[in-house]
Amino acid sequence: MTCPIETRENAELLLDYCARKLDAETTRLLERHMQGCPACREFRAGQKLLWDALDAWEAMPVSGDFNRRLYRRIEEESRAGWRQRLMAWASWRPALPVAAAACLVLAGSFILRNPAVVPDVSPEAVVTEVEQVERTLDDLEMLRQLNLVARVEDSSRTM
Amino acid sequence: MGAAVALEYDAELMLRVKEGDGASFAVLLDKYRGPVIHFLYRMVQNRSIAEELAQEVFLRVYRSRATYEPAAKFTTWLFRIATHLALNWLRDGRHEKGQEQLDANAGPLPMREVADRRPTIEHALLYQAKLEEVRQAVAALPDKQRAAVLMHKYEEMEYSQIARVLNCSESAVKSLLFRAYETLRGRLAHMA
Amino acid sequence: MLVLAVGLAAQQGGARRPVGPRAGAARNPVPPRLVERWNHMTPEQRRKALERLPPGRREQIERRLERYRNLTPEEQRRLRNRYELFSQLPPERQDQARRLWRRFTMLMPERQQLVREEFDHLRALPDADRRTRMNSEEFRNRFTAGEKQLLVELTGLNQPEP
């Protein structure tokens with residue numbers, strides 16, 4: 001086997017070997033080569049050390065409200081798009097009497113501000129309430145999978 | 001076989017999103033939120049920036065749903081968007097030299113008060129020191145080398161896929177990786 | 001199940017995520033106006049409330065609610081009890097638990113299973129045996145550095161406060 005270190009084009013063989021991506025036969029050939037090649041052995045040792053070091057670098061956890069923030073932005077964008085389309089349509093129809101166009105804009109605003117859900121609930125309040133429900137669901141899932149109150153639970157049972 | 005089926009499934013999900021299926025978008029978000037954020041975090045090394053960029057990634061995915069065509073693997077497209085945003089952010093922030101990119105919020109891990117404190121504190125301190133060295137070493141890589149390493153090591157992407165994300169040839173990707181790993185091995189060799 | 005979730009919120013009377021400084025109180029009341037509104041909604045109104053959300057988020061909430069709807073009464077009772085106990089913890093401990101939970105959810109599913117099993121095993125051990133276990137070769141080889149750190153912090157969280 002041609003030494004992979006000496007031929008840069010084949011150096012990926014060594015990388016794939018360290019990442020355990022090679023097939024069994026190629027692995028066997030390469031390991032036999034390494035028995036007699038200090039440079040490749042050194043590469044392997046160095047790459048393994050690097051791999052372990054990179055493995056230790058686990059990213060910070062994702063914020064619990066990431067999805068909620070994203071959905072809120074999507075929602076805001078789609079609302080902004082609706083208003084913009086309505087305004088663009090109204091302004092594109094120069095033949096429409098101004099009063100009629102104004103009524104259309106007002107109607108659109110009315111629809112947006114008065115959802116069919118609960119008449120006195122503002123969209124912001126519904127979102128906040130739903131967020132509270134979601135947070136409760138997060139906590140329930142956490143407690144279902146990881147009983148972090150086991151000791152407290154046990155001591156309260158024996159009381 | 002399994003991987004090929006999974007990749008087709010992602011494209012299929014995205015096609016359903018194109019047809020207005022919000023649940024499919026939720027599935028893709030749940031599946032790739034972590035990998036995208038982690039990739040961006042390791043690129044920009046700032047948690048809040050990484051999440052902001054990740055939000056933008058998924059917003060762009062959602063915005064593009066009407067014109068989505070599965071010309072490439074879904075993850076190729078997804079990471080192309082993520083890489084593009086990360087490289088832009090890094091380039092735009094280049095005038096601010098120094099340590100700003102490193103996560104100011106990382107801090108030491110919280111140490112728990114267990115009965116025998118010494119092993120826990122020592123372990124945590126060593127862990128922190130090692131992490132810091134790894135982060136510094138990766139942060140010092142040129143941006144494209146860094147992106148290639150992160151995709152190769154943490155996302156286990158093939159050279160061809162990384163090439164499509166970075167819009168370069170496969171041999172260019174191999175060259176990037178070889179140089180990057182060589183640099184990293186040199187910097188972290190003392191950890192042996 | 002939405003009623004359960006809201007009912008739980010009403011029962012325990014505490015906010016999930018602290019906002020701003022706290023005076024060290026163990027509980028923070030959920031704004032009663034909001035809880036009352038949800039409780040006074042008809043199922044149809046609640047369904048319509050969720051309908052106004054983006055589809056993906058709505059589906060996600062409904063999926064999660066259904067998951068709890070499918071728990072047995074005994075499981076629901078146990079979970080309510082745990083929730084009640086959790087809400088009595090100091091806010092700092094609650095926040096810490098949530099941070100650890102988020103880190104846990106970032107693990108791959110098969111790793112989550114291993115970490116969860118190990119956590120269950122560790123917390124059942126007396127302190128000395130737990131330390132022995134965590135210093136063992138098997139433990140060190142079985143988990144990554146990050147997973148080991150997570151287990152250290154989870155078991156620490158599970159200890160009674162001094």
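**Exercise 1. Which pattern does chain A follow, read along the sequence?**

Solution. The structure is a predicted model, in which local features need pLDDT of at least 70, side-chain atom pairs count only at pLDDT 80 or more, and totals for chains, interfaces and linings use all residues. Residues are numbered from 1 along each chain as its sequence is written, while chains are lettered from A and ligands numbered from 1 in the order in which they are written.

Step 1. Helices (H or I, at least four residues) and strands (E, at least two) are taken as DSSP runs, numbered from the N terminus. On this basis chain A has 7 helices and 0 strands.
Step 2. The pattern of chain A is accordingly written α-α-α-α-α-α-α.
Step 3. Chain A has 159 residues, of which 23% count as buried. A residue is buried if 20 or more other C-beta atoms lie within 10 Å of its own, exposed if 12 or fewer, and partly exposed in between, with C-beta atoms placed from the backbone.
Step 4. Two residues are in contact if their C-beta atoms, placed from the backbone, lie within 7 Å. Among the contacts in chain A with a separation of 6 or more, 46% join residues 24 or more positions apart.

**Exercise 2. Determine which residues of helix 1 of chain A are buried, and against what they pack.**

Solution. 
Step 1. The buried residues in helix 1 of chain A are Ala11(A), Leu13(A), Leu14(A), Leu15(A) and Tyr17(A).
Step 2. Within chain A, these buried residues pack against helix 2 (24–35) and helix 3; in chain B, they pack against helix 8 (170–188).
Step 3. Just after helix 1 of chain A, Arg20(A) has a positive phi of about 60 degrees.

**Exercise 3. Describe the side of chain A that touches chain B.**

Solution. 
Step 1. The contact involves 22 residues of chain A and 28 residues of chain B.
Step 2. At least two residues of this side of chain A come from each of helix 1 (11–18), helix 3 (38–56) and helix 4 (66–92). Helix 3 of chain A gives the most, with 7 residues.
Step 3. Sorted by class, this side of chain A has 14 nonpolar, 4 polar and 4 charged residues. Here Ala, Val, Leu, Ile, Met, Phe, Trp, Tyr, Cys and Pro count as nonpolar, Asp, Glu, Lys and Arg as charged, and the others, Gly among them, as polar.

**Exercise 4. How do the axes of helix 3 of chain A and helix 8 of chain B cross?**

Solution. 
Step 1. The two axes come within 9 Å and cross at roughly 80 degrees. Axes are lines fitted to C-alpha atoms, for helices over the stretch in contact, and angles run from 0 to 180 degrees between N-to-C directions.
Step 2. Helix 3 of chain A is therefore roughly perpendicular to helix 8 of chain B. Angles under 35 degrees count as roughly parallel, over 145 as roughly antiparallel, 65 to 115 as roughly perpendicular and the rest as oblique.
Step 3. From helix 3 of chain A, Gly46(A), Gln47(A), Leu49(A), Leu50(A) and Ala53(A) meet Tyr181(B), Leu184(B), Arg185(B) and Leu188(B) of helix 8 of chain B. The residues of this contact comprise 6 nonpolar, 2 polar and 1 charged.

**Exercise 5. Is Gln45(B) buried or exposed, and is Asn167(B) buried or exposed?**

Solution. 
Step 1. Gln45(B) lies in the loop between helix 2 and helix 3 (47–63) of chain B, and its phi is near 55 degrees, a positive value in a residue other than glycine. Gln45(B) counts as buried because it has 22 C-beta neighbours inside 10 Å.
Step 2. Asn167(B) is in the loop between helix 7 (159–166) and helix 8 of chain B, with a positive phi near 60 degrees. Asn167(B) is exposed, since 10 other C-beta atoms lie within 10 Å.
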